[in-house]
Amino acid sequence: MKNLEIEIVPYYDDNFAYLIHDIQSNKTALVDCGEAEPVLRQLEEKKWHLDNILVTHFHFDHAGEIDVMKKSFPDVTVIKPAGENRLDVEGVEAKDGDTFSLGLTEISVISLPAHTMYCTAYLADGNLFVGDALFSAGCGRLFEGQAADLERAMDKIAALSDDTNVYFGHEYTVSNIEFAKSVEPNNVALEDYRRSVEMKIESGQFSTPTTVGLEKNINPFLRIDQPDVIKSVDPKNKLNRTERIGALRSMKDTF
Ligand SMILES: [Fe+2]
């Protein structure tokens with residue numbers, strides 16, 4: 001029986017927050033809180049009480065209105081990346097491998113430092129909430145981490161089961177697909193995916209969630225060992241794997 005109900009909460013131009021509701025216990029967690037108002041509206045509509053806020057990273061568009069949310073739910077428990085002292089909010093520190101419960105649902109913590117050095121993802125019943133660590137057909141900019149961090153983060157995601165749903169932090173998918181196509185012009189899966197994403201967006205839906213299995217077929221950052229990706233990024237085959245993912249990220253930065 002399905003135990004989780006997940007609501008997508010779009011805000012700002014292209015951000016996503018998520019409500020995770022454990023049906024049997026009636027407990028609800030929010031992933032990221034850059035803007036409280038749209039979340040409050042959705043909670044009101046659903047008649048849900050907010051029990052937890054899970055923070056993926058400190059950037060203001062993901063964590064900037066936790067205080068506002070706490071005014072409406074003073075007893076909410078914030079779960080935040082361990083060691084991230086730029087997050088000025090009280091809460092339980094989450095480090096890699098930790099687990100905690102939302103009612104009957106176990107949530108595990110997966111650290112994915114790269115976009116920031118404290119980026120943290122949360123895995124709940126086959127649903128991974130990644131913030132800006134991974135996007136569909138792309139990944140977050142390397143603001144703090146190095147190529148080796150990005151490589152580790154991508155390998156950690158790729159090691160999850162293919163049917164894991166991945167809920168990401170920004171609707172960047174269409175432009176990411178354009179970049180991915182420039183890296184792998186002959187990847188037919190990308191063209192099929194572009195069509196299905198465009199149809200979704202035109203009808204007012206979102207491209208989130210994706211799945212680990214789908215991303216392995218279309219996301220160049222998870223396809224760093226594919227011959228066509230190697231050919232595009234490093235035509236003379238001079239780079240090692242870590243350098244190659246760094247070079248791929250640099251290509252995206254200037255695309
Ligand atoms: Fe970010």
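Visitor: How many bridges join strand 2 to strand 3?

Guide: This is a predicted model, where local features need pLDDT of at least 70, side-chain atom pairs count only at pLDDT 80 or more, and totals for chains, interfaces and linings use all residues. Residues are numbered from 1 along each chain as its sequence is written. Strands are DSSP runs (E, at least two residues), numbered from the N terminus, as are helices (H or I, at least four); two strands pair if DSSP finds at least two bridges between them. Strand 2 (residues 15-22) and strand 3 (residues 27-31) run antiparallel, and the bridges joining them number 5.

Visitor: Which residue in strand 3 is the bridge partner of Asp22?

Guide: Strand 2 and strand 3 form a hairpin with 4 residues between them. In its turn, Asn26 has a positive phi of about 65 degrees. Another bridge pairs Ile20 with Ala29 of strand 3. For Asp22, the partner is Lys27.

Visitor: Which residue in strand 4 is the bridge partner of Val31?

Guide: Strand 3 is joined to strand 4 (residues 52-54) by 3 bridges, and the two run parallel. Together with helix 1 they make a β-α-β unit that is right-handed (with the strands pointing away from the viewer, the path from the first strand over the helix to the second runs clockwise). The partner of Val31 is Leu54.

Visitor: How many residues of strand 3 are buried?

Guide: A residue counts as buried if 20 or more other C-beta atoms, placed from the backbone, lie within 10 Å of its own. Strand 3 is mostly covered. Of its 5 residues, the buried ones number 4.

Conventions:
A residue is buried if 20 or more other C-beta atoms lie within 10 Å of its own, exposed if 12 or fewer, and partly exposed in between; C-beta atoms are placed from the backbone.
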